[in-house]
Amino acid sequence: MSSSDALPPSSSSPAKLTGSCHCGRVTLELPSKPTKINECRCSICYRYGALWAYYPRNEVLVTAKEPGLKSYLRDDPECSKDIGFYLCGHCGCLTHWWGLEGAGRGGESAKMGVNTRILGEKGIEGVERHIGYK
Ligand SMILES: [Zn+2]
């Protein structure tokens, strides 16, 4: 046994991960690789084809260059929360959602969903997947 049991090059912080939309104008920096992915089959996520990982909202850095993000507010009765879905204003990739602050139905403002499709195939290789409905 050698003593070089390969640890990644020294860094005290856990490996951050950056994903982006197709054109690269929108990037999300995640605190760590997702440990679980939810293939949500609610009425909207099924259509989007998104694969979600959930993070505390204050741990994800969202950056958007011109023309910025577009949003779609989900406020239909099927969903118990008011949620904003965000897409790149240029290439249209869905990158994330979060609960809207102060929304009447108590959007989960501390949590957000990141569409792990933006990490590319390699970024989510081997991560456990679930099928959920919310
Ligand atoms: Zn884009």
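User: How many bridges join β1 and strand β2, and in which sense do they pair?

Analyst: Two strands pair if DSSP finds at least two bridges between them. Helices (H or I, at least four residues) and strands (E, at least two) are DSSP runs, numbered from the N terminus. Here β1 and β2 (residues 26–30) pair in the antiparallel sense, over four bridges. Take glycine 19: its bridge partner in β2 is leucine 28.

User: What should I know about the model itself?

Analyst: This is a predicted model: local features need pLDDT of at least 70, side-chain atom pairs count only at pLDDT 80 or more, and totals for chains, interfaces and linings use all residues. Residues are numbered from 1 along each chain as its sequence is written.

User: Which strands form the open sheet, and in what order?

Analyst: The order is β1-β2-β5, three strands with antiparallel pairing. At the edges are β1 (17–20) and β5 (61–64), each pairing on one side only. From one strand to the next, the twist averages 15°. For angles, axes are lines fitted to C-alpha atoms, for helices over the stretch in contact, and the values run from 0 to 180 degrees between N-to-C directions.

User: Which pairing is parallel?

Analyst: Strand β3 (residues 36–40) pairs with β10 in the parallel sense, over five bridges. Glutamate 39 stands opposite isoleucine 131 in β10.

User: Does β10 (residues 128–132) lie largely buried or in the open?

Analyst: Count neighbours. A residue is buried if 20 or more other C-beta atoms lie within 10 Å of its own, exposed if 12 or fewer, and partly exposed in between; C-beta atoms are placed from the backbone. Of the five residues of β10, the number buried is zero, so the strand lies largely in the open. Across the chain, 26% of the 134 residues count as buried.

User: What is the overall pattern of the chain?

Analyst: There are two helices and ten strands. Along the sequence they read β-β-β-α-β-β-β-β-β-β-α-β.

User: Which residues have the most contacts inside the largest nonpolar core?

Analyst: A nonpolar core is a set of buried Ala, Val, Leu, Ile, Met, Phe, Trp, Tyr and Cys residues joined through C-beta atoms within 7 Å. The largest one has 23 residues, and Ala50, Trp52, Phe85, Trp97 and Val114 have the most contacts inside it. Elements giving two or more residues are β2, β3, β4 (52–56), β7 (83–88), β8 (94–99) and β9 (111–115). The largest share, four residues, comes from β7.

User: What does valine 114 touch?

Analyst: Two residues are in contact if their C-beta atoms, placed from the backbone, lie within 7 Å. Leaving out residues up to four places away in sequence, valine 114 touches Leu28, Leu30, Trp52, Ala53, Tyr55, Val60 and His96.

User: Where is cysteine 79, and why is it called partly exposed?

Analyst: Cysteine 79 sits in the loop between β6 (69–74) and β7. It is partly exposed because 15 other C-beta atoms lie within 10 Å.

User: And glycine 92: where is it?

Analyst: In the loop between β7 and β8. Glycine 92 is exposed, with 11 other C-beta atoms within 10 Å. Glycine 92 and lysine 70 are 22 residues apart in sequence and 8.2 Å apart in space, C-alpha to C-alpha.

User: Which peptide bond is cis?

Analyst: Most peptide bonds are trans. The bond from glutamate 66 to proline 67 is cis, with omega near 5°. Proline 67 is found in the loop between β5 and β6.
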